[in-house]
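Look over the chain below before reading on.

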Amino acid sequence: MEDTAISLDHIANLILTAPTKELYHASISWFEKLGFKAIMTESSVETTATWMQLFSTSASIHDTSLKIVCAPSGTKKLSASVKMDWRSMPAVATITTNTLKAIEALFASLPWAYQRYSVPKKNGADSSEFTVIYTHDPMNNLLIFTDKPNPFEVSRKPSEPATEAASAPAEAPTAQSEARGKRRKIAILTSGGDAPGMNAAVRGVVRAAIIRGCDAYAVHEGYQGLVDGGNMIRKMGWDDVQGYLSTGGTVIGTARCKAFRERPGRLLAARNLVKEGIDALVVCGGDGSLTGADLFRSEWPGLLEELVKTDELTSEEAGKYAHLNIVGLVGSIDNDMSSTDITIGAVTCLHRICESIDSISSTASSHSRAFVVEVMGRHCGWLALMAGIATGADFIFIPERPPSGENWRDNMCAEIKAHRDLGKRKTIVIVCEGAIDSNLNPITSKDMMDLLTDRLHLDTRMTILGHVQRGGKPCAFDRNLATMQGVEAVEAVLASKPDIPSPMIGMNENKITRTDLMKAVALTGEVAKAIGRKDFIGAMELRDPAFNQQYAQFMAITTAVPIDESAETKKNSLRIGIINVGAPAGGMNAAVRAAVRYARNRGHVPFGIHNGFPGLMAGQVKELKWMDVDGWIAHGGSELGTNRDQPSLDLGMVSYQLQKFNLQSLILVGGFEAYTACLEMNNARNVYPAFCMPMVHIPATISNNVPGTEFSLGCDTSLNAIMDACDAIKQSATASRKRVFVV
């Protein structure tokens with residue numbers, strides 16, 4: 001930048017006010033990269049100000065002065081001669097430079113979003129072009145760089161008075177004048193069944209496209225909008241997707257489209273995209289929608305060739321858009337797509353199911369009833385499985401793992417009776433809509449209700465949740481997932497090449513990934529084929545590895561195993577202490593429940609330590625039995641009681657109580673305090689032999705700050721509570737233009 005001469009056109013002094021220290025320092029750093037030098041800084045009680053100067057090397061361009069002020073209660077201040085409202089945007093200043101190419105090269109080398117236009121001047125006799133580059137500083141002030149002084153001023157004779165037209169901004173560049181080859185146009189559509197989070201995906205794609213210098217379009221009503229064209233394909237601005245994050249369903253609509261399944265319909269869709277100048281399409285939907293998108297891409301060259309022959313397109317138009325980029329986002333509440341751990345909408349749907357079953361559980365317990373709940377999932381049992389774990393259901397029926405044996409009904413009734421004999425007052429059975437037995441015969445919720453009523457004489461009710469599962473605003477996880485995947489979809493479009501297969505954006509091991517779209521679709525179809533040939537082991541293996549593990553864990557803690565009183569079992573059993581440490585967090589009780597039931601089913605004896613380490617020092621230790629933790633899975637807080645005190649309060653007494661109750665292992669459920677407590681006892685093993693035993697820490701903290709894990713118990717529940725509060729606050733905030741909320 002040393003050889004670049006820049007000036008703010010006819011502005012001697014420009015004052016910018018930053019509302020925070022962070023923006024103040026970021027702005028100074030930003031202008032320094034542009035070539036400004038800080039020459040003086042002064043501070044007062046209320047403000048801090050830095051004067052920055054750009055010394056020009058050209059005699060024809062003036063030196064430029066800039067003052068940046070940090071004033072938390074201040075507002076943006078501009079000198080009176082600043083040119084405003086170029087293309088209806090809040091411009092701070094027009095900046096002229098005699099080396100515009102150097103400016104553009106600088107922007108290209110830095111992670112700054114900017115845009116470039118070559119705009120013809122049509123005023124008077126001057127018809128030459130001028131170049132405009134505009135960008136935003138960290139305070140969101142718009143700076144316009146140009147290679148001509150006064151680019152928006154109308155040429156007139158010295159004696160001619162200024163007219164209204166003379167002070168008007170230049171006409172906005174049209175789609176035809178915007179260098180089609182350099183400025184990409186990316187469209188997004190939602191197709192198939194709606195899923196919570198689809199709107200967040202649309203928002204992510206639109207805003208990421210704008211930031212990356214592309215034009216964003218939304219195709220309304222799914223593939224039907226592609227076929228119909230016209231107003232169904234609309235350009236989207238930054239503010240057009242405001243409020244999308246907290247809105248359920250899909251604002252841009254989805255529809256079944258028979259026309260797109262036929263080649264004539266796809267011909268119309270191709271024509272409409274080319275006429276809009278769009279050659280990149282992001283599709284958010286299930287495997288059927290994504291298969292249709294990839295077929296569209298494979299046929300694209302032939303479709304354009306046919307459109308040229310029928311004079312629907314010119315050869316020039318077809319040549320400009322010879323390749324169609326397709327990127328898939330999986331929007332499916334069933335979580336049935338292979339090659340990704342989770343799909344957009346699945347977690348929110350699981351929330352709806354859990355909320356419904358929690359509500360059902362209270363009335364079931366009150367009347368000692370049984371409830372059969374039907375959930376969605378025609379070919380995938382993920383919702384039923386995860387809901388079974390999360391609500392403590394007694395039985396689940398899923399298509400991948402049907403009940404084994406011909407007498408499974410007898411076994412089921414025997415287990416339910418055993419649980420009732422232990423004192424359980426309710427029975428919850430979750431049936432997936434695609435549930436089958438080992439002979440591929442359907443298992444319906446009506447069948448289960450009749451079985452429990454006729455054989456066990458239980459007062460049984462049936463509830464089909466239906467489309468309640470799809471509705472409502474998305475949870476925090478789906479908002480974040482859809483936003484991150486939407487941004488990645490834009491990056492995939494920009495990196496796409498004709499010889500690269502269409503990518504599908506997924507999530508694996510908590511990382512956003514790109515995989516081959518059609519390979520993922522093919523693997524998804526293999527699950528249904530395996531079920532069709534009764535290869536249920538193969539069907540389970542085709543699901544992600546966690547699916548098998550989660551099913552095994554559900555089975556391990558759902559059925560009460562009779563206690564084996566043999567001497568051999570007692571010899572190998574452990575006395576396990578379970579303690580909560582630190583602040584309460586959602587999921588603590590569920591972790592204790594799972595540990596207690598799993599331990600008892602393996603022949604071990606679990607003990608609950610009440611009120612943290614002070615409770616242990618006071619001897620508040622009690623054996624926990626199967627029914628002692630019944631219902632804990634849905635309880636918030638800590639049923640055992642917890643506090644932040646550490647064992648270092650009295651290591652000797654902690655050691656004594658562990659020996660007194662003959663506790664041979666310890667499970668600590670809690671946050672960073674539990675982590676440090678475990679560390680303290682580990683470091684004291686050479687002094688206190690009682691600490692020389694297995695000690696396991698289960699992270700549980702809303703802060704999610706425990707080393708060694710990506711997620712802690714409670715952080716997701718807390719995030720959803722924050723999100724719900726902010727959604728409610730937003731309604732009040734948007735009602736008043738001058739109201740600001742700090743949360």
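The sections below go from the whole chain to single residues.

## Model and conventions

This is a predicted model: local features need pLDDT of at least 70, side-chain atom pairs count only at pLDDT 80 or more, and totals for chains, interfaces and linings use all residues. Residues are numbered from 1 along each chain as its sequence is written, and side-chain values use heavy atoms, with hydrogens and water left out.

## Whole chain

The chain has 21 helices and 25 strands. These are DSSP runs, numbered from the N terminus: helices are H or I with at least four residues, strands E with at least two. Of its 743 residues, 49% are buried (under 20% relative accessible area; exposed is over 50%, partly exposed in between; 1.4 Å probe, protein chains only).

Take contacts (heavy atoms within 4.5 Å) between residues at least 6 apart in sequence: 73% join residues at least 24 apart.

## Nonpolar cores

A nonpolar core is a set of buried Ala, Val, Leu, Ile, Met, Phe, Trp, Tyr and Cys residues joined through side-chain atoms within 4.5 Å. The largest has 83 residues, and Phe-397 and Met-412 touch the most other members. Helix H8 (residues 346-367) gives the most to this core, with nine residues.

A second, separate core holds 36 residues, including Phe-296 and Tyr-321. Beyond four places in sequence, Phe-397 touches Trp-408, Met-412 and Ile-443, among others.

## Aromatic pairs

The structure holds six aromatic pairs. Rings of Phe, Tyr and Trp (its six-membered ring) pair if their centres lie within 6.5 Å; planes under 30 degrees apart are stacked, over 60 edge-to-face, the rest tilted. Phe-260 and Phe-296 have ring centres 5.3 Å apart and planes at 70°, so the pair is edge-to-face. Phe-260 lies in the loop between strand S12 (233-236) and helix H5 (263-276) and Phe-296 in helix H6 (residues 287-309), so the pair ties together parts 36 residues apart in sequence.

Phe-296 also pairs edge-to-face with Trp-300, at 5.6 Å and 85°. Both residues are buried. Ring pairs link Tyr-223, Phe-260, Phe-296 and Trp-300 into a cluster.

## Thr-709

Thr-709 sits in the loop between strand S25 (695-699) and helix H21 (715-735). At 31% relative accessibility, Thr-709 is partly exposed. Its C-alpha is 7.9 Å from that of Pro-699, 10 residues away in sequence. The Thr-709 side chain reaches the backbone oxygen of Phe-711 at 2.7 Å.

Note on methods
Polar contact = N/O pair within 3.5 Å; in protein donor to acceptor, adjacent residues only side chain to side chain.
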